[in-house]
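Thanks for coming. Please look at the sequence and the model on the screen, and I will go through it piece by piece.

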Amino acid sequence: MDTQKSRREFLLMLASLPAAFVVGAQAAGPSSSTQRATAAPGGATGSQPFRLPPLPYSYDALEPFIDAKTMELHHTKHHAAYVDNLNKALSQHPELAARGLESLLGDLTQVPEDIRQTVRNHGGGHWNHTFFWSLMTPGGAKVPAGKLAQALKSEFGEIDTFKKQFEQAGTKHFGSGWVWLVVSREKKLAIMTTPNQDTPLAAGAKPVLGNDVWEHAYYLKYQNRRGEYLAAWWNVLNWDIAEKNFLAALNEGSSRLDCTVKRHRTLAASRRS
Ligand SMILES: [Fe+2]
């Protein structure tokens with residue numbers, strides 16, 4: 001696969017998404033003004049407002065840390081299913097798509113009850129995976145730089161300390177879900193986890209990093225060794241995009257809830273009970 005061509009297609013696809021979603025996704029991308037100005041070829045239609053974005057790299061680009069088969073299945077089966085099911089749900093309330101996915105996920109009470117859970121699960125799946133793909137790259141910087149590096153050291157002491165805590169949170173998370181580094185309402189960095197396809201947006205947090213800890217993300221290569229997958233993931237992380245996400249999160253601010261790990265676990269537990 002032509003990596004540059006794929007990245008262009010990925011950016012064009014972001015341009016085809018409703019504006020509010022693109023804002024969030026663009027926080028992970030390198031050139032927002034170009035994306036906004038460019039129409040996507042064969043762009044989304046009213047009945048299919050969301051589309052599966054092509055990856056900005058080939059399926060085998062993240063080898064040996066994430067294998068090609070996992071990437072292909074993850075993208076063409078799992079992510080594609082989230083997009084399909086989201087579009088089916090929104091076909092019952094087509095006016096909602098214009099609000100943008102990020103807006104809907106940030107306040108699910110604006111979604112009619114008959115499709116609310118589907119939007120939560122499949123809309124969340126679409127948003128989370130699009131964010132996730134943009135966060136990875138072959139041969140990226142091995143360490144963070146800039147303001148994000150300063151903030152990580154301020155909050156966690158050392159970068160390696162943060163990485164260990166992030167890995168531990170992801171490893172200990174029960175069942176399927178995600179582990180995140182977010183900017184909280186207080187504009188502080190915090191680690192949190194979300195169950196299923198819930199997003200930090202629903203808790204008012206702004207994601208900087210997010211790793212998928214569903215078994216479909218790692219089981220072919222790592223089987224039950226989730227911790228090993230989390231440790232290997234740093235090798236494919238795009239710290240440049242993480243820095244952009246961090247700066248965007250600081251600028252956009254706004255959160256409704258405290259989103260420390262402890263607070264989030266309390267929220268997650270209350271939802272399950
Ligand atoms: Fe996934």
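**Contacts, core and helices**

Among contacts in this protein between residues at least 6 apart in sequence, 73% join residues at least 24 apart. Two residues are in contact here if their C-beta atoms, placed from the backbone, lie within 7 Å.

A word on the source. This is a predicted model, where local features need pLDDT of at least 70, side-chain atom pairs count only at pLDDT 80 or more, and totals for chains, interfaces and linings use all residues. Residues are numbered from 1 along each chain as its sequence is written.

pLDDT is the predictor's confidence in each residue, from 0 to 100. The protein averages 81, and 75% of the residues score at least 70. Over residues 8-43 the pLDDT is below 50, although this stretch has 69 contacts in the model beyond near neighbours in sequence. Residues 253-273 also have a pLDDT below 50, with 34 contacts in the model beyond near neighbours in sequence. Where pLDDT is low, the predicted coordinates should not be read in detail.

Now the inventory. The protein has twelve helices and three strands. These are DSSP runs numbered from the N terminus: helices are H or I with at least four residues, strands are E with at least two. Of the 273 residues, 42% are buried. Buried means that 20 or more other C-beta atoms lie within 10 Å of the residue's own; exposed means 12 or fewer, and partly exposed is in between, with C-beta atoms placed from the backbone.

Which residues touch the most other members of the largest nonpolar core? They are W180, V182, V208 and A242, in a core of 56 residues. A nonpolar core is a set of buried Ala, Val, Leu, Ile, Met, Phe, Trp, Tyr and Cys residues joined through C-beta atoms within 7 Å. In soluble globular proteins, nonpolar side chains tend to be buried together. Leaving aside neighbours within four places in sequence, W180 is in contact with I191, M192, T194, P200, P207, L209 and G210.

Next, F246, in helix α11, residues 239-252. F246 is buried because 26 other C-beta atoms lie within 10 Å. Beyond its neighbours within four places in sequence, F246 contacts K147, L148, A151, V183 and V208. F246 and V182 are 64 residues apart in sequence, but 8.2 Å apart in space, C-alpha to C-alpha.

On to a helix pair. Helix α7 (146-156) and helix α8 (159-172) pack at an angle of about 75 degrees, with their axes 8 Å apart. α7 and α8 are therefore roughly perpendicular to each other, a label that covers 65 to 115 degrees; under 35 is roughly parallel, over 145 roughly antiparallel and the rest oblique. The axes are lines fitted to C-alpha atoms, for helices over the stretch in contact, and angles run from 0 to 180 degrees between N-to-C directions. From α7 the contact uses A149, L152, K153 and F156, and from α8 it uses I159, T161, F162 and Q165.

Last, the backbone. The peptide bond from E63 to P64 is cis, with omega near 0 degrees, and P64 sits in the loop between α3 and α4. K187 is not a glycine, yet has a positive phi of about 60 degrees. K187 lies in the loop between β1 and β2 and is partly exposed, with 13 other C-beta atoms within 10 Å.
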